[in-house]
Amino acid sequence: VVDTPSSAEFDAIVSSTSTLQSLVTTPTPSPTNSAYQFSEKIIAARGNSSYLEAAGTGYLSVPAKDHRSRCAEFGRFAEYANTVTGEEGECTLYTAEIASECETSLFSGQRFGNNLWVGKTPSAVPSDTSTYALVSLSAVWIYDSSTGQYSYAGNTEVPSPVYSSSSCTCERALHSVVYTLNHTATGNIVAASAEVILTTVTADDTSSCTTASSKAQFITRYYLSDSNTASPTISPSTDAPVVSATTSSPTNTPTSSPSVATSSPTTNPTTTSTSSSSTRALEPLPKSGNPGYRVNFPVLAGNLATDSNTSNSAIERYIEGLIMLGHTSTGTCTTISETTRSRQAVKFGLTNMVGCKLQLSLTDLESICTSGLQSYFNTSVTYVGQWGNSSFLDTSQWRQVSFDAYDASAGVWGGSTTRTCTGLLNTVHWQFLTKREGSVYNPQTQILSARVKYGTNTWRFLGTNDTYSQDFMVFATAEFFEYEGSASVNSPKAPPLFPKLPHDTLYPLYTDGN
């Protein structure tokens, strides 16, 4: 028998084993320093001296490997370093349709060398172009893989890739990028440059002209502004550029952002009826165990409902189980009440994190900073099933969810100057404390306690055009923690060595009762 642990015990277990709370961060810069600190992400924007807008997530992307070694564009960002050595690595650019994707952003080096700016300090804002330094294009080179030679292609702009149907090749595809950032000893960036190398990528099978892959390298170097050390460059007469000699340790980043995990049931979240005339007819409902929960089955969820005529209480149960977050097929957040949405359910025993994006203009950000994001989180669920077969007719088989207290989910709007919403609640953490009970040969797992914790972040609008839409991330996580407690094992007494006989078994002799 195990008593429900206290809140303090729950906190101690979570703090020692949780892996998600510290990982959830919104990829939107919220700088507070007037100079870059070591390992702080470099701010980036695109545009010209008159107009800038945030580049991607607002940071300088240094693509990194994903789990398949393919380039993930937002897998890594340049981080300030006061030494020459910075980020460097290699990943694979891959396409299943070279004909249609050659001239898209996948193989293009333009976004790494054209109209790119970096923030001089982490407090740089696109509305003030003087706080940014232009990433000048030092050189563009064309690498011939068949001869190993490099030919100079100017330093005005990075040309776009071109597909050749006759040879099944993507010409002027991205091969390597070298960023050089010059900074002061105090952490201010004063100049930046990019050197881009292009090459020709051939389809894996020239008869079908479909799949193609190519290695790409990304390097960032940091130099003191008063240093005479030259930036890594390639001379037109050099057979082997510095890039080849300095990229021995692979590092990372693909060309597509990670997809939001999706789950798209065909039905809307439905609840069971609690009227006295129909509840017993609805008793056969999907279970997640018998009685204990089975791993990867939905966590039962619902709300308490009371019949006004009979005062009987029951759980208004959600057929899909506990839903964390809703989103469309493109990853855009949807409110829980919307019917056309994908839904991520909490599966028992599985640590999970799901995110979605909100595309907000400056006006939208100000509005949502005032109203908050409650409609996107499924915090209306107040009960979860203690067991995998908890009956909605028996409220004692359900555990009430404890919600973390907060003053308001809305943030504090900093005004049109800072364009910043501070302290906005954008993350929900579902935490479950579980315990195994019953026979040691077939233990049954139950939920002892469930609670919701919140996380806040600072959202900052980086564009200068009020109608420009910027992506902001919303997250929900679920974690399960096993409670050891002080459970007792009830074992039956060992049987006597000899059976106890009736007192008159040996009549006319009698036993003394012992």
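Biologist: How many disulfides does a search of the whole structure find, and what makes a pair of cysteine sulfur atoms a disulfide?
Modeller: The search finds five, where a disulfide is a pair of cysteine sulfur atoms within 2.5 Å. This is a predicted model, in which local features need pLDDT of at least 70 and side-chain atom pairs count only at pLDDT 80 or more, while totals for chains, interfaces and linings use all residues. Residues are numbered from 1 along each chain as its sequence is written, and side-chain values use heavy atoms, with hydrogens and water left out.

Biologist: Why is the link of C102 and C170 called a disulfide?
Modeller: The S to S distance is 2.1 Å, and since the cut-off is within 2.5 Å, the pair therefore qualifies. The link of C102 and C170 is right-handed, with 85° about the S-S bond. C102 lies in the loop between α2 (98–101) and α3 (110–113), whereas C170 is in strand β10 (residues 169–183), so the pair ties together parts 68 residues apart in sequence. Helices here are DSSP runs of H or I with at least four residues, and strands are runs of E with at least two, numbered from the N terminus.

Biologist: What makes C333 and C356 a disulfide, and which handedness does it have?
Modeller: Their sulfur atoms are 1.9 Å apart, which falls within the limit, so the pair counts as a disulfide. The torsion about the S-S bond is about 100°, so this disulfide is right-handed. The two residues come from distant parts of the chain, with C333 in strand β16 (residues 333–334) and C356 in strand β18 (residues 352–360), 23 residues apart.

Biologist: Is H183 buried or exposed, and how do you know?
Modeller: H183 has a relative accessible area of 1%. Buried means under 20%, exposed over 50% and partly exposed in between (1.4 Å probe, protein chains only), so H183 is buried. This residue is found in strand β10.

Biologist: What makes the approach of the H183 side chain to the side chain of Y80 a polar contact?
Modeller: The distance is 3.0 Å, and a polar contact is a pair of N or O atoms within 3.5 Å; within protein, one must be able to donate a hydrogen and the other to accept it, and residues adjacent in sequence count only if both atoms are side-chain atoms.

Biologist: Why is the aromatic pair of F348 and F480 called edge-to-face?
Modeller: The search of the whole structure finds twelve aromatic pairs, and in this one the centres are 5.1 Å apart with 65° between the planes. Rings of Phe, Tyr and Trp (its six-membered ring) pair if their centres lie within 6.5 Å, and planes under 30 degrees apart count as stacked, over 60 as edge-to-face and the rest as tilted; the pair is therefore edge-to-face. F348 is in the loop between β17 (342–345) and β18, and F480 is in strand β24 (residues 470–482), 132 residues apart.

Biologist: What makes F403 partly exposed, and which accessibility does W430 have?
Modeller: F403 and W430 form an edge-to-face pair, 6.3 Å centre to centre with 75° between the planes. F403 has 28% relative accessibility, so it counts as partly exposed, whereas W430, at 1%, is buried.
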